[in-house]
Amino acid sequence: MEKDFTQLNSSCQRVVFLGPESTGKTTLSERMAALYNTQWTPEYMRLYLQKKWDSEHLPCTWEDLIPIAKGQIALENEMIQKANKYLFCDTCLLELVIYSYIYYGKCNPIIEHYALSHKYDFIFLTYIDVPWQADDLRDKPNERNEVFTFFKHFLEEKSIPFHLLKGDLNSRIQQINQKLKR
């Protein structure tokens, strides 16, 4: 099982966007990859759960977490091989860990172990100052502040360095470029 959770080595820098639902992570990943002429990794949890919702009309369960974790790592490993200097990740295992605690009050120790051992060169925490947009999977429009606070406290508690992203899309892109020294 270990190989299913192992990050491939690469000279590319990994840039990850973490944060509550509907805070611009996908948009940022796509835009930054286009700006830097490189690849981005979609959020596997969203792909997996949308497929499950479309076929069975069922939400995420505890049993879905391991397949989601494996899928996220597989996507990151696939895209890092195609990336050029940077890989922009629309979330990572840390997001899965945090949501596991939010929804289940616990996390699978295997997922948490690998989430905390994976290396990202830049972690950007997206703030809740963009409009919430409903879809099939989003379910916490009135708990955005609490979810954001949980993300922030988790990262601080685990001594994981991060940069807070606030403002509109152009402002956020500018903040990212400053950190990446573009």
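The model is predicted, so local features need pLDDT of at least 70 and side-chain atom pairs count only at pLDDT 80 or more, while totals for chains, interfaces and linings use all residues. Residues are numbered from 1 along each chain as its sequence is written, and side-chain values use heavy atoms, leaving out hydrogens and water.

The chain holds seven helices and five strands, which are DSSP runs (helices H or I, at least four residues; strands E, at least two) numbered from the N terminus. Buried residues make up 45% of the 182, where buried means under 20% relative accessible area with a 1.4 Å probe, protein chains only.

The five strands form an open parallel sheet in the order β2-β3-β1-β4-β5; two strands pair if DSSP finds at least two bridges between them. Because β2 and β5 each have a single partner strand, one side of each is left without a neighbour in the sheet.

| Strand | Residues |
|---|---|
| β2 | 39-41 |
| β4 | 122-126 |
| β5 | 163-165 |

Three bridges join β4 to β5, and T126 stands opposite L165 in β5.

Key: Buried < 20%, exposed > 50% of the residue type's maximum accessible area, 1.4 Å probe, protein only.
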